[in-house]
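Open the model in your viewer and keep the selection tool at hand. The stops below go one by one.

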Amino acid sequence: MLIGVYGVRAARSTPDFLVASQEVKPTWNALAIAGEYVSAASVLGLAGLMLKHGIGTLWYAVGFTAGYVVVAALVAGPMRRSGAYTVPDFADYRLGSQRIRKLCAVIVLVIMWLYLIPQFKGAGVVLHLVSGTPYWVGVVLAGLVVSVSILAGGMRSATYVQGFHYLVKLVFIAVPALVLLASAGPDGRAEALHVDLTAWSRPLLDLDNSGEPLLATWSVLIATTLGAAGLPHVIMRFSTTATARAARRVAVWVIVLLGLFYLFPAVYGLLGRVFTPELATEGDTDTVTVVLPGAMLPGTWGAVLTALVAAGAFAAFLSTSSGLLLALAGGLSHDLSRTGATGVGRLRAAVAAGALVAVLLSLPAAAVDINVLVGWAFAVAASTFCPLLVLGIWWRGLTVAGAAAGLAAGVCASTGAALASAVTDVPHGWVVVLLAQPAAWTVPLAFAVMYGVSRLGTPPEWAERAVLRLHTPDAADHPSG
């Protein structure tokens, strides 16, 4: 909170609040993006799903990291050159339609709330484990702390906090993991690393024993890889850099930072299989990262390691929630406004309102797997904003009608499938995968509808000029030239 308040001096205008006046240094921005991106799904959910479903769950980590290859190659530079602060801003710039802007703003809200719920849920679970307080206390506390930090200084505060949090998460997750590996002994490590012939050790993801591991793995990879290129809070980050060249450099550094971090949740999943297998049968797999130190090292040292992991987990909840709330506030006030312009006071009110709704939605979500909710958020982003950004940046033929049809098809298909998987009991098989992880069919559907409907119409007269601007290097990109 102190670091967040430090940024208050600069949050006096909308550019200050949303994109830190585009003055964030690339190195600090990369740390902040990695800190924002490493969420409850990474700290708790990945290890928990690995304990529950097997080593095939590591494809989540591959997809989360590979997503920034797509961002660096296709989105980061052109998005920065567009001058847009948010994805709805870009849609307005590219297509000149207030209706598309507002549709994008609604989709931003859907994605951000789907992503915020598991962050606050994780805070409630961890605080309950380490202190015995009721689940709702952690949810409310996380909402309050994040709101105060963002209300104080906006994007600049969030950048400082998230960069600091990445370092906290890396140290507080990595150090206990290395200590636990050492304390497991040769026999424990051998058992944890033993590859048997059971379904657990297959290098594919078989969600809920659907019997379609290849389809499930492919769908998860599509959602996580393409979803990263459509996450509103990720896209906003590249507007905080000074040039398009710096934005691409930031994306490359994020790949390195994420690759380093994702080495360690796998350690908790492997050791949890040996030392806390009961969590899989009790349905508490999301708690393995916090429970494992005490189970392996009863006493003072186990308590110390548990405290470190819990602190790292809270850093994940708070830093990710900061970026999500900023994007949510932009959607509520900046993007849904008639002109796209709004004051800092209205943005701060939107932060408080967005956090309140997220807290209320998180209270009944205690029994839902963290990675499931995050996977839905990625699937919606991959099925909506990824097609919009990729086609809008790389194809001048995109039309308002095509964008609207593709966005509507993507958001309805992905959210409808996710809701259907939550409320219906479908027999095991490929239908389970297509509902629980719908990206394998919703992403191609969104691209096809957006392209097909656009081909039936005529693009705006300024489309070629707008696309040319996205790909023309600025003087600031090559100062020596």
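In which loop does Thr399 lie? Select Thr399 in this predicted model: the residue sits in the loop between α19 (385-394) and α20 (400-423). Its relative accessible area is 5%, under the 20% cut-off, so Thr399 counts as buried. Now show the contacts of Thr399, leaving out residues up to four places away in sequence: Leu95, Val453, Ser454, Gly457, Thr458 and Pro459.

Next, the cysteines. Select Cys386, which is buried at a relative accessible area of 1%. Then select Cys412, which is exposed at 55%. How many disulfides does the structure hold? The number is 0.

Move on to the aromatic rings, where the count is 10 aromatic pairs. Start with Tyr60 and Phe64, a tilted pair with 6.0 Å centre to centre and 45° between the planes. Both residues belong to helix α5 (residues 59-82), where they are 4 residues apart, about one turn of the helix. Tyr60 and Phe64 are both buried.

Then select Phe261 and Tyr262. Why is this pair edge-to-face? The ring planes stand at 80°, which is over the 60-degree cut-off, so the pair is edge-to-face; the centres are 5.9 Å apart. Phe261 is buried at 0% relative accessibility, and Tyr262 is buried at 7%.

For the last stop, select Tyr37, Tyr60, Phe64, Tyr68, Tyr115, Phe261, Tyr262 and Phe378 together: ring pairs link these residues into a cluster. Both pairs visited above, Tyr60 with Phe64 and Phe261 with Tyr262, have their residues in this cluster.

Methods. Residues are numbered from 1 along each chain as its sequence is written. This is a predicted model: local features need pLDDT of at least 70, side-chain atom pairs count only at pLDDT 80 or more; totals for chains, interfaces and linings use all residues. Side-chain values use heavy atoms; hydrogens and water are left out. Helices (H or I, at least four residues) and strands (E, at least two) are DSSP runs, numbered from the N terminus. Buried means under 20% relative accessible area, exposed over 50%, partly exposed in between (1.4 Å probe, protein chains only). Contact means heavy atoms within 4.5 Å. A disulfide is a pair of cysteine sulfur atoms within 2.5 Å. Rings of Phe, Tyr and Trp (its six-membered ring) pair if their centres lie within 6.5 Å; planes under 30 degrees apart count as stacked, over 60 as edge-to-face and the rest as tilted.
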